[in-house]
Amino acid sequence: AKCTETLQRCMLSMDTDDLALCVAALANRGNTSPGLAEATAALVARGPLARRVPSDRLLSLAVGATKTDAIAGVLQNVAQAAAATLKDFSIADIIRLLLAIAKAKGQPMPAEAKATLFSEAANMLGPMLHSLSTAEIIKICLAIGNSSGTKDLMESAAAEAEKRLPDMPAPQLLLLTQSLASLGGSHSSMRCIVNCWVSMLDPRRAAGPAPLTADQVVKLASILAPLLGGLSGEAVLQCLTVIGTTLYEQAVKLSLASREKAQQLFSDPLGFGRWIEHERLLNRLRDTRYLESALAAQAASEQSRDGSGRAASSEADGARHSASRDELGAAKRGQEPTCIGNADPAPAAKRPELSLASLLRGAGSMGSSVSEASRQRRSRSRSREGRYSLHSLMHGR
């Protein structure tokens with residue numbers, strides 16, 4: 001509060017660059033005060049920012065706009081300045097700038113300013129796609145979506161990503177699927193991606209670790225559901241079967257929110273509800289007695305396997321299974337899980353890898369209450385998911 005009050009007193013006498021620095025710093029802390037909005041208005045009143053505010057400051061303002069809507073008013077100025085000085089940005093910063101602009105909070109900027117920036121960026125990035133990492137290509141696709149003037153770049157990025165499908169880990173492929181979903185199910189690249197998922201999730205595949213967690217499979221289903229109409233009949237049948245079968249086998253591993261979302265998806269007669277076994281899956285998802293007994297059996301099996309040498313881990317596992325049983329108990333005491341789920345199969349706070357709020361934020365700790373032994377047990381699965389999170393992509397990890 002003191003910083004904001006000081007800025008309000010001094011903003012009229014500050015240089016434009018210094019004012020932009022202060023506004024960006026407060027925005028990146030998530031400040032939402034009227035004082036910051038007033039300082040932003042003073043910055044907008046200074047006129048064009050090109051050559052008056054350096055590229056790193058423009059990027060910082062854009063990133064700050066993903067954390068508070070108090071500075072939404074300056075985004076048009078930022079986009080115009082960035083478009084005029086785009087050659088001053090590194091390729092990595094251009095991609096990060098586009099993603100921040102696309103995910104900014106508050107009132108959207110005028111379409112013309114955004115289109116100009118994205119068109120300039122497309123001209124620079126297009127010829128370089130072959131030399132970019134897969135993570136950078138995914139970030140580009142997530143940023144541009146259906147933005148005006150970027151159709152050719154999206155098509156080129158999809159074609160380049162398609163070449164890399166055979167070597168792409170499942171969590172990264174999930175982000176790619178999300179980023180290219182706007183192309184529609186009839187697009188050749190999306191059809192290749194669906195075929196890749198069918199092969200990867202095929203229950204007849206060689207034994208080994210599951211490519212996705214149960215919650216991630218629900219997330220995949222929610223992404224593919226609107227695309228089913230554009231796929232071939234055979235592809236739809238294969239997609240429904242592998243995803244439905246996977247969820248039937250992993251129902252006990254779903255969070256309550258993911259179970260609700262799965263019920264919604266497989267109750268839709270125009271979507272996954274077309275699967276011939278959908279009623280069987282729905283019955284299992286609603287059967288709290290089965291899920292509760294399966295959780296108990298799983299906990300007992302893990303405890304027996306771990307033995308006395310892993311007491312701390314067993315306690316952490318017990319707490320996790322207890323939490324799952326509490327969810328089931330709550331469902332039984334109230335009503336059966338409904339079909340209202342969120343677009344994401346788990347709350348944003350529990351799925352940081354897909355949280356837009358944490359898009360440009362530093363990686364947080366897992367919490368001091370989690371034991372070190374529990375951290376080590378989870379490290380292998382987190383290494384697959386966290387490596388390809390939106391947050392890690394933004395920071396180039």
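**View 1. Helices α8 and α10 meet through residues of both helices.** Here T134, A135, I138, C141 and L142 of α8 are in contact with Q172, L175, L176, Q178, S179 and L180 of α10 (contact means heavy atoms within 4.5 Å; helices are DSSP runs of H or I with at least four residues, numbered from the N terminus). The residues of this contact fall into seven nonpolar, four polar and no charged (Ala, Val, Leu, Ile, Met, Phe, Trp, Tyr, Cys and Pro count as nonpolar, Asp, Glu, Lys and Arg as charged, and the others, Gly among them, as polar). This is a predicted model, in which local features need pLDDT of at least 70 and side-chain atom pairs count only at pLDDT 80 or more, while totals for chains, interfaces and linings use all residues. Residues are numbered from 1 along each chain as its sequence is written, and side-chain values use heavy atoms, with hydrogens and water left out.

**View 2. The axes of α8 and α10 cross at roughly 30°.** Helix α8 spans residues 134-144 and helix α10 residues 170-180, and their axes come within 8 Å (axes are lines fitted to C-alpha atoms, for helices over the stretch in contact, and angles run from 0 to 180 degrees between N-to-C directions). That angle makes α8 roughly parallel to α10 (under 35 degrees counts as roughly parallel, over 145 as roughly antiparallel, 65 to 115 as roughly perpendicular and the rest as oblique). The crossing of α8 and α10 is left-handed (the near helix is turned anticlockwise from the far one by less than a right angle).

**View 3. S179 is a buried residue of helix α10.** S179 counts as buried because its relative accessibility is 4% (buried means under 20% relative accessible area, with a 1.4 Å probe and protein chains only). A polar atom of the S179 side chain lies 2.8 Å from the backbone oxygen of L176. Leaving aside neighbours within four places in sequence, S179 is in contact with I138, C141, L142 and M154.

**View 4. Helix α10 also packs with α11.** Helix α11 covers residues 188-201, and the two axes are 11 Å apart at an angle of about 150°. That makes α10 roughly antiparallel to α11. Their crossing is left-handed. From α10, A170, L173, L174, L176, T177 and L180 meet M190, I193, C196, W197 and M200 of α11. By class, this contact has ten nonpolar, one polar and no charged residues.

Methods
Helices (H or I, at least four residues) and strands (E, at least two) are DSSP runs, numbered from the N terminus. Buried means under 20% relative accessible area, exposed over 50%, partly exposed in between (1.4 Å probe, protein chains only). A polar contact is a pair of N or O atoms within 3.5 Å; within protein, one must be able to donate a hydrogen and the other to accept it, and residues adjacent in sequence count only if both atoms are side-chain atoms.
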